[in-house]
Amino acid sequence: MQNASQSALKSAKKFYSSSTKLTNTEVRKKRNALFEEEKQRQRAAYVKRVEKILVNYKGQPKDVKLLMNKGISTPYNCAMHINEFLMKRSIVALVNGELWDIHRPLEEPCDIEFRHMLDQDPKLPNQVFWRTGAFILGHVMETAFKDNVYVELCSFPPIPVEKGCFVYDVDLKLPDWKPSQRELTSLSMVGGELWDKNWDFERLEVDASLALKMFEDNRFKREQIPDIAQKHKQKRVVLYRMGEHIDITSGPLIANTSQLYRFQVAQIHHIKSRRFGPLQRVQGIAMPSALHMHWWSWDLLCKRASKPMDYLLPDYFISPSKEPTQQKEDNVRAAVEN
Amino acid sequence: MLKFSVKRRPRKLKGVWTGCGSGPSERIKYLRHWVGKLIRDERIEGREDRMNETRGYAEQLISLAIQNGENHRPTMEMATKWFKEKEMTYKLFKVLVPRYENYQTSFTRIQRLPIEYPGNPYYNVVLELKGNPYPSIFPEQRDKAGLLNNILIEAAKKDFYNEHRQSQVVRDSMERDIVGLERDTLQVRMDKSGSGKVENVKTGSTDGTDVDKL
């Protein structure tokens with residue numbers, strides 16, 4: 001395993017050199033190699049000596065006690081022992097009351113519950129799903145374009161579900177582009193294909209230094225990583241991987257792309273940001289496979305999602321520690337004006 | 001007073017039992033039987049027209065019992081005549097009256113049953129007393145307002161109606177501009193001498209029209 005990842009890393013390094021022009025495919029390969037290496041390294045610590053933990057499952061069909069492996073078993077593995085419908089429908093788990101990814105390893109003895117899109121109170125699964133939609137928008141933007149366009153992802157804010165769309169701020173370096181309906185549809189198809197691919201969403205906590213190494217080609221993420229690491233307890237950065245797409249986000253994501261069915265890139269608006277310069281705001285909307293919708297209602301929602309979303313623009317998030325007080329006031333005024 | 005509608009004329013219940021006669025006396029026999037069954041079992045099934053008739057009589061009995069109480073002689077006589085079993089009069093006064101004393105709605109509920117093909121030329125129906133101990137006929141509908149698709153559609157609806165209302169306000173104000181004057185902006189200003197002049201509240205200008213001369 002180690003040899004394969006080492007050779008992958010070498011080959012990736014070979015591709016990526018300062019003389020060649022940056023492309024998204026090369027950058028992704030490099031990131032994946034680093035991610036895989038780190039993942040195997042972290043796993044090795046638990047695999048050598050397997051410890052057992054007691055997990056209490058509460059819910060349908062009945063309460064069960066399970067003996068799982070520490071640092072290796074995930075809530076998905078617990079569901080495998082209980083029932084098939086739990087495996088397929090669970091979006092997110094509650095481990096000791098805390099939101100937990102379905103494929104995130106369990107660390108200590110705990111109480112576990114599962115949440116799905118058709119729950120009595122689906123508030124948490126809805127938020128998780130909306131966050132995943134924005135994450136997938138990043139994947140769409142990085143993969144959809146040809147190699148001559150180098151896409152740099154900036155950030156995605158936590159927009160609530162009621163606003164009607166999720167959003168990713170991106171630097172496409174195409175300042176005069178107004179996407180046609182056909183182009184938007186082809187972008188949406190990249191997201192629509194994911195349902196077939198059955199990709200899991202994997203989570204990995206890494207040191208800030210490794211994260212900086214992985215995202216050194218993205219000028220926005222380079223700036224954001226120190227701030228993100230500051231907020232974390234152990235000063236680490238949380239990464240998520242879906243297939244070959246890796247991104248930084250704190251909250252949990254859904255379990256598998258088979259739980260996402262409809263995906264639409266609604267519109268791309270041009271915005272200006274004081275901190276990051278001119279950006280493109282990509283707005284999208286998605287539906288899980290558990291819920292059905294008539295094409296007319298879906299069209300209505302897509303039209304609503306294509307309206308410019310001025311909520312939580314990039315200037316909203318300015319770290320107070322960096323700005324001196326005068327400049328801070330200016331920034332606040334600018335944000336209000338925007 | 002009954003809390004649901006009753007037909008003006010009694011229905012002719014034709015052929016209520018095969019082999020029995022027809023006519024008013026047989027009809028009352030039939031209804032006596034089924035009203036007693038309803039009071040006993042609290043949920044019965046039958047043909048729609050017949051159950052509708054029994055419903056009227058059952059509701060009337062209960063409402064009379066509530067109004068007059070068991071010490072009222074005519075009510076007691078009526079109850080004993082209507083029920084074949086003595087226990088039913090007891091149940092009426094001791095169980096059903098306290099149950100339905102404070103009801104604002106009717107005491108019974110009717111629900112049509114599904115037709116089994118090829119079916120009959122009439123609906124079969126379930127007639128039940130409210131507050132019965134059986135599980136309800138309809139399963140409890142859960143609240144689906146929190147589901148993702150419903151949240152998105154409700155938000156889209158709100159947006160649409162807010163826009164619609166705003167455009168309506170714009171349309172109304174444009175109409176007013178065309179007409180030239182709004183209602184309630186004119187008032188009469190009284191002078192010291194006692195004569196009044198019509199005045200525009202907003203602009204303060206007067207037409208010069210004297211109220212006395214209008």
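**Close-up 1. The largest nonpolar core of this predicted model.** Here we look into a core of 57 residues, where A:Met141, A:Phe263 and B:Leu148 touch the most other members. Who builds it? From chain A, at least two residues each come from helix 5 (123–144), helix 6 (181–192) and helix 10 (295–305), and likewise from strand 7 (166–171), strand 9 (236–242), strand 11 (260–273) and strand 12 (277–288). The top contributor is helix 5 of chain A, with nine residues.

**Close-up 2. Zooming in on A:Met141.** Leaving aside residues up to four places away in sequence, A:Met141 touches A:Val151, A:Leu153, A:Val170 and A:Leu172, plus A:Ile268 and A:Val282.

**Close-up 3. Two helices of chain B crossing.** Helix 2 (residues 48–68) and helix 3 (residues 73–82) of chain B have axes that come within 10 Å and cross at roughly 150 degrees. Angles over 145 degrees count as roughly antiparallel, so that is how these two helices of chain B run relative to each other. Their crossing is left-handed. On the helix 2 side, B:Tyr57, B:Leu61, B:Leu64, B:Ala65 and B:Asn68 make the contact; on the helix 3 side, it's B:Thr75, B:Met78, B:Ala79 and B:Trp82.

**Close-up 4. The stretch of chain A annotated as TGS.** An unreviewed UniProt entry marks residues 48–116 of chain A as "domain: TGS". The end C-alpha atoms of that span lie 34 Å apart, and the span is 20% helix and 36% strand.

Terms used:
Residues numbered from 1 in each chain as written. Chains lettered and ligands numbered in written order. Predicted model: local features only at pLDDT ≥ 70, side-chain atom pairs only at ≥ 80, totals over all residues. Heavy atoms only, no water. UniProt positions renumbered as here; feature names shortened; annotations may be inferred. Helix = DSSP H or I, 4+ residues; strand = E, 2+ residues; numbered from the N terminus. Core = buried A, V, L, I, M, F, W, Y, C linked by side-chain atoms within 4.5 Å. Buried < 20%, exposed > 50% of the residue type's maximum accessible area, 1.4 Å probe, protein only. Contact = heavy atoms within 4.5 Å. Axes fitted to C-alpha atoms, helices over the stretch in contact; angles between N-to-C directions. Parallel < 35°, antiparallel > 145°, perpendicular 65-115°, else oblique. Left-handed = near helix turned anticlockwise from the far one by under 90°.
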